[in-house]
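Hi,

Here is the structure I promised to pass on to you. Have a look at it first, and then read on for my notes.

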Amino acid sequence: MNNTSDFEQLFNTMLQLGKLVSQQTQESHDERTATILQFSALNFIKEQPSATVSDLAMPLLLSKSSATQLVERLVKLGLVERANDPDDRRIIRLSITSNGEKEFSTLRNIMLEKMKRIFSKLPAKDTRELIRIHMNLIEALKKEQNG
């Protein structure tokens, strides 16, 4: 895939697929407490214990004020707790609560089931090939990122 039209087609199909997958995985989340953005925040806080709001903002592509509002909603829902850093009281650390862990697990399972439904439309061989391609791209991007 070396010519511009191939990359244009890949770009367009990725946008279309992203939109369709997003629509299908977000369907009927009305019964759930957390949104997809909140799910992503819970995932980050779960993986990065003692993260700050600034730490959270960057991977979610949010401004610090938007991340602060997101954290405020998560705190009000009882999914995240804030605590002062023991070494510097100006720094606020975030942690996921047990309710946050439960909500994260429930949402993850719902999303996995929806993804299974979406990708069941492909032959298993194609799904495995797509996973292989994703893994190769992830590995290449990580190598590039780490120098």
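Which helices each supply at least two residues of the lining of the largest pocket? They are helix H1 (4-26), helix H5 (98-119) and helix H6 (124-146). Before you go further, please keep in mind that this is a predicted model.

**The pocket**

The largest pocket holds about 470 Å³ of space. It is lined by 14 residues, and those closest to its centre are Met-14, Leu-17, Phe-119, Leu-130 and His-134. By type, the lining divides into 10 nonpolar residues, 4 polar ones and no charged ones.

**The nonpolar core**

The largest nonpolar core has 21 residues. Within this core, Ala-41, Leu-42, Ile-45, Leu-56, Leu-74, Val-80 and Leu-94 touch the most other members. At least two residues each come from H2, H3, helix H4 (64-76), strand S2 (92-96) and H5, and H2 gives the most, with 5 residues. As background, nonpolar side chains tend to be buried together in soluble globular proteins.

Neighbours within four places in sequence aside, Leu-94 is in contact with Ile-45, Pro-49, Ser-50, Ala-51, Thr-52, Val-53, Leu-56, Val-71, Val-80, Glu-81 and Arg-82.

**Between H2 and H5**

The structure holds 1 aromatic pair. Its partners are Phe-39 and Phe-104, which are stacked, at 4.8 Å centre to centre and with 5° between the planes. Because Phe-39 lies in helix H2 and Phe-104 in helix H5, the pair ties together parts that are 65 residues apart in sequence. Both Phe-39 and Phe-104 are buried.

Glu-103 is also placed in helix H5. Is Glu-103 buried or exposed? Its relative accessible area is 8%, so Glu-103 counts as buried, the limit being under 20%. The C-alpha atoms of Glu-103 and Leu-42 are separated by 9.0 Å, although the two residues are 61 residues apart along the chain.

**The loop between H2 and H3**

Gln-48 is found in the loop between helix H2 (36-47) and helix H3 (53-60). With a relative accessible area of 39%, Gln-48 is partly exposed. From Gln-48 to Ile-96 the distance is 9.8 Å, C-alpha to C-alpha, while in sequence they are 48 residues apart.

Ser-50 belongs to the loop between H2 and H3 and is partly exposed, at 40% relative accessible area. Its phi is near 70°, a positive value in a residue other than glycine. For context, most residues other than glycine have a negative phi.

Thr-52 lies in the loop between H2 and H3, but Thr-52 is buried, with a relative accessible area of 15%. Apart from neighbours within four places in sequence, Thr-52 is in contact with Ile-91, Ile-92, Arg-93 and Leu-94.

**The loop between H3 and H4**

One more backbone angle may interest you. Leu-61, found in the loop between H3 and H4, has a positive phi of about 60° although it is not a glycine. Is Leu-61 buried or exposed? At 78% relative accessibility, Leu-61 counts as exposed.

Happy browsing, and write back with any questions.

Best wishes

Definitions and conventions
Residues numbered from 1 in each chain as written. Predicted model: local features only at pLDDT ≥ 70, side-chain atom pairs only at ≥ 80, totals over all residues. Heavy atoms only, no water. Helix = DSSP H or I, 4+ residues; strand = E, 2+ residues; numbered from the N terminus. Buried < 20%, exposed > 50% of the residue type's maximum accessible area, 1.4 Å probe, protein only. 1 Å grid on protein atoms, 1.4 Å probe; cavity = no way out; pocket = protein on both sides within 12 Å on 5 of 7 lines; lining within 4 Å. Points joined across faces, edges and corners; volume = space filled by probe spheres on them. Nonpolar A, V, L, I, M, F, W, Y, C, P; charged D, E, K, R; others polar. Core = buried A, V, L, I, M, F, W, Y, C linked by side-chain atoms within 4.5 Å. Contact = heavy atoms within 4.5 Å. Phe/Tyr/Trp six-rings, centres within 6.5 Å; stacked < 30°, edge-to-face > 60°.
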